[in-house]
Amino acid sequence: MELPLPSSAAADLARVRARLGNLRTKLAGATLVRGVVLGVLLVATIGTVVLGAEAVLWMPPLVRLVLLAVILALFFAPLLHAGAFVWRALTGRSSALSDAALAQHVGQQNARDGERLLTLVQLDDQATSGSGVLAASARDRMSTLVNGTPFENAVRPFEAANHLARWTLLALVPLVIWSALSPQTARGAAERLLSPAAAFARPAPFTLDVSPGDIEVTAGDTVRVEVLALGGRPFEIWL
């Protein structure tokens, strides 16, 4: 049977469990944030390449539809994976965020605190299962010892997300520069990519500047019309 704890040891163990719960919540939130940031990083990287290709090639609707689906998949896949990981861990279907796993997280940064915390978790499991007085006594002493150490400070839950965020900002630099230097081209490519079902006619590589334009003349008068082709020279022009 489970051996009762002294009141002070029980309070210390309860505080340690509560601190582990807070650390578990932080790690779960950090996992979700990392999934979102990773999705944004993939979209920023692949999206910039796709927008550049669309600006140059004016791709057909089917190709744009496939590429847009790929971009959306790249964004949602890391988020869904992170969400599934957190859900399985918090519902007990996975031991990834169990107390023992949290102790191992702590031990990766602080070996002494992690070893003490893992020992406490194991001793509490043994005492709860009624393994003997020795385990309960060692658990009581270890509870007081662990409660006096800031073991959660050894874990930096959002360090990976911050690292990915810096890469995301770097990946967005080319897109921001392109949008600033050629806003119409970038906006046009984005509008076409976000309308995958629509067909867009590629503009001609030249424009015709006709002068004098719309004027009123008397019947029989001679009018001089000049047409200036700007851009690539066309093979022939029909007026």
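Predicted model: local features only at pLDDT ≥ 70, side-chain atom pairs only at ≥ 80, totals over all residues.
Here a residue counts as buried under 20% relative accessible area, as exposed over 50%, and as partly exposed in between (1.4 Å probe, protein chains only). Residues are numbered from 1 along each chain as its sequence is written, and side-chain values use heavy atoms, with hydrogens and water left out.

Now for the overall layout. The chain has seven helices and two strands (DSSP runs numbered from the N terminus: H or I of at least four residues for helices, E of at least two for strands). The radius of gyration, taken over C-alpha atoms, is 33 Å, well over the 18 Å that the globule rule (2.2 Å times the number of residues to the power 0.38) gives for 239 residues, so the chain is more spread out than a compact globule. Its C-alpha trace spans about 120 × 30 × 30 Å along the principal axes, and 30% of the 239 residues count as buried.

In helix α7 (residues 183–193), the buried residues are A186, G188, A189, R192 and L193. Seen down the axis of α7, these fall within an arc of 165° (from the directions from the helix axis to the C-beta atoms), so they line one face of the helix. W58, in the loop between α1 (7–57) and α2 (61–90), has a positive phi, near 50°, though it is not a glycine. Most residues other than glycine have a negative phi. W58 is partly exposed, with a relative accessible area of 24%.
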